Amino acid sequence: MKERLLYIDVLRGIAILTVVYSHILLFCVGYSETSFMTDLLRKYFLNAFFFLSGFMAYKKSPSLTLYQTGYFHELWKKVKQLLIPTLVSGGLYCVYCAGNPYAFLADGAKGGYWFTIALFIMFVIYLIENLTLKWIKNEYAQSIVLFIIAGIVYCWHKTAMSETGWANFLCLGGVSYYFLMFTIGVLCKKHIEVFHKFLEVPLAKTCIFLTVMVGSLVDYVPLLITNVAVVLLVYFLVKNICTSEFDSNLREIDANPYKQWVYKGLQIIGQNTIQIYFLHYFLLFKMPHGVVNFTHSMYEGSIANHCSSIVELSIYGTISVCIALVCIAIRNFLAYIPYVSTIMFGK
């Protein structure tokens, strides 16, 4: 369990860093062109978050009943962990940016805070699924039903209803698009032994890698398939590294302190993803014109896509790590103020 939590934390750490990285490019740099590396990271970060959220949401409890296990208690826990902090942090950010509270609620993106609202609704749907599908005793049949439901929700995203005003209030556009990835995470955890055996098959690994490469370079592979392949590829790589090079206490088997320091840092960042997510919007700042012009100029020329990937990752990746660490420091400071940590971060 400790090893599993280690690589999950590292995956979460990578995911939140790519969120900050992408938001720096979107809000602080402001140009539309992106390098191959940036496109690849963007295929990972949101999809990985919902996949990992579903992965951690699954609990093996065959005798669950509504009153014995407390579904209402579980729902209230998610309200405290996700919904209340989103409204508080998002409301503060709205005031910070001199925004309109109604515009904040009516906006499907919620100023960037749509993610946790969508995640809360996904947890509600998953709790309802657990309650209504418990009569299906065969776990594989139950998994098929869960996947079909997720597919139906994804198909709803393709309709015009996902872009209506009431859908924007509830962030249903994001829910309908990413609920399939959340469900895939649930199913991978539910059948984790089969899932890990699948990832160890050479043909499966080759197909995943080729799908990532082809899907990232050309448009012939559906984006959903590419996104799933990217998440599975990163999951496989990080899991193998964490379980082969470190023991359960993060002591490196090969005694390389540099790699130990890197993974320990990613683990700490991964354990504070929600806090970083809520706070990092306040720390985003406009990049100096010289830096923006320099990175932007890397797109001019035949080798642009290769050079821009290295430059962007070096500059904005370093800034992303710094912002994440500052967010953790702020959260640790606010933890000493009664109730503030609870209403802002759900902890």
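The model is predicted, so local features need pLDDT of at least 70 and side-chain atom pairs count only at pLDDT 80 or more, while totals for chains, interfaces and linings use all residues. Residues are numbered from 1 along each chain as its sequence is written, and side-chain values use heavy atoms, leaving out hydrogens and water.

**The nonpolar core**
- A nonpolar core is a set of buried Ala, Val, Leu, Ile, Met, Phe, Trp, Tyr and Cys residues joined through side-chain atoms within 4.5 Å; buried means under 20% relative accessible area, exposed over 50%, partly exposed in between (1.4 Å probe, protein chains only).
- The largest nonpolar core has 97 residues, and Tyr7, Ile24, Phe50, Phe51, Phe182 and Tyr235 touch the most other members.
- Helix α1 (residues 2-29) gives the most to this core, with 15 residues; helices here are DSSP runs (H or I, at least four residues), numbered from the N terminus.
- Not counting residues up to four places away in sequence, Phe51 touches Met181, Ile184, Gly185, Cys188, Phe195, Val231 and Tyr235, where contact means heavy atoms within 4.5 Å.

**Two residues with positive phi**
- Cys171, which is not a glycine, has a phi near 55°.
- Cys171 sits in the loop between α8 (165-169) and α9 (172-190), and is buried, with a relative accessible area of 2%.
- Tyr339, also not a glycine, has a positive phi of about 70°.
- Tyr339 lies in the loop between α16 (304-334) and α17 (340-345), and is exposed, with a relative accessible area of 68%.

**The cavity**
- Leu199, Lys205, Ile208, Leu232, Leu233 and Phe236 line the largest cavity, a set of points on a 1 Å grid over the protein atoms alone where a 1.4 Å probe fits but cannot get out, with lining residues having an atom within 4 Å of a point.
- Helix α12 gives the most to this lining, with three residues.

Note on methods. 1 Å grid on protein atoms, 1.4 Å probe; cavity = no way out; pocket = protein on both sides within 12 Å on 5 of 7 lines; lining within 4 Å.
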